[in-house]
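Please consider the sequence and the model shown below. The paragraphs that follow take up its elements in turn.

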Amino acid sequence: MKDGLHITPEVLAAAYTFLRATRPFCRWMLPPAESVKFRVTGSMTEAGYCKGTEEIGISKKCSAHTSSLLATMSHEMIHMHLNAKGVRAHHGPDFVKASGQVSREHGWDMKRFF
């Protein structure tokens with residue numbers, strides 16, 4: 001594949017399901033993939049987005065590899081978790097704390113989440 005990973009809504013749902021089964025996500029009571037709408041975008045500037053607890057979108061242009069897809073999905077799942085708790089600070093202290101938890105569990109550089 002010249003353009004990297006072929007991302008579809010089904011691939012996004014599978015990535016979400018995998019991460020949801022791992023810590024700390026499995027402790028956060030996130031909705032099952034069947035309850036979330038997954039969208040593939042073509043954005044060159046926005047790697048992903050999360051709308052409430054109902055929708056996650058990931059850019060095929062910004063997540064061309066499995067590692068970047070999983071890190072971006074994790075980022076959006078943190079937003080989903082905070083949305084469910086009613087926390088609206090985009091990348092505030094609660095996001096930083098959750099990012100640290102995810103980074104420690106998955107061995108990622110926390111800077112990847114900003």
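Where is the place of H90? In this predicted model, H90 lies in the loop between α2 and α3, the latter covering 93-106. H90 counts as exposed, because its relative accessibility is 53% and the class begins over 50%. Leaving aside neighbours within four places in sequence, H90 is in contact with H79 and F95. A separation of 22 Å lies between the C-alpha atoms of H90 and E105, which are 15 residues apart along the chain.

The sheet may be described next. Three strands form an open sheet in the order β1-β3-β2, and the pairing is mixed. Its edge strands are β1 (37-41) and β2 (48-51), each of which pairs on one side only. From one strand to the next, the twist averages 15°. Helix α1, residues 9-20, packs on this sheet and touches β1 and β3; the direction of α1 makes about 125° with that of β1.

Strands of a sheet pair through backbone hydrogen bonds, in either a parallel or an antiparallel sense. Between β2 and strand β3 (residues 55-59), the sense is antiparallel, and the pairing extends over 4 bridges. Two residues of β3 can be named as bridge partners: I58 is the partner of G48, and I56 is the partner of C50. β2 and β3 form a hairpin with 3 residues between them. In the turn of this hairpin, G52 has a positive phi of about 55°.

The loop between α1 and β1 holds two further backbone features. Most residues other than glycine have a negative phi, and most peptide bonds are trans. P24 is placed in the loop between α1 and β1, and the peptide bond that leads from R23 to P24 is cis, with omega near 0°. M29 also has its place in the loop between α1 and β1. Phi of M29 is near 55°, a positive value in a residue other than glycine. Is M29 buried or exposed? With a relative accessible area of 75%, M29 is exposed, since the class begins over 50%.

Two aromatic residues, F25 and W28, form a pair. The count of aromatic pairs comes to 2. In the pair of F25 and W28, the ring centres are 5.2 Å apart and the planes stand at 80°, so the arrangement is edge-to-face. F25 counts as buried because its relative accessibility is 1%, and W28 counts as buried at 12%; the limit for this class is under 20%.

W28 leads in turn to helix α2. H81, which is found in helix α2 (residues 66-84), touches W28 and L30 when residues up to four places away in sequence are not counted. H81 counts as buried, because its relative accessibility is 12%. What span should the 19 residues of α2 have? At 1.5 Å a residue they should span 27 Å, and the end C-alpha atoms of α2 are 27 Å apart, so the two values agree. Just after α2, G86 takes a positive phi of about 85°.

In soluble globular proteins, nonpolar side chains tend to be buried together. The largest nonpolar core has 26 residues, and Y16, F25, F38, I56, M73, M77 and I78 touch the most other members. The elements that give two or more residues to this core are α1, β3, α2 and α3. Which element gives the most to this core? That element is α2, with 7 residues.

Terms used: Residues are numbered from 1 along each chain as its sequence is written. This is a predicted model: local features need pLDDT of at least 70, side-chain atom pairs count only at pLDDT 80 or more; totals for chains, interfaces and linings use all residues. Side-chain values use heavy atoms; hydrogens and water are left out. Two strands pair if DSSP finds at least two bridges between them. Axes are lines fitted to C-alpha atoms, for helices over the stretch in contact, and angles run from 0 to 180 degrees between N-to-C directions. Contact means heavy atoms within 4.5 Å. Buried means under 20% relative accessible area, exposed over 50%, partly exposed in between (1.4 Å probe, protein chains only). The expected span of a helix is 1.5 Å times one less than its number of residues. A nonpolar core is a set of buried Ala, Val, Leu, Ile, Met, Phe, Trp, Tyr and Cys residues joined through side-chain atoms within 4.5 Å. Rings of Phe, Tyr and Trp (its six-membered ring) pair if their centres lie within 6.5 Å; planes under 30 degrees apart count as stacked, over 60 as edge-to-face and the rest as tilted.
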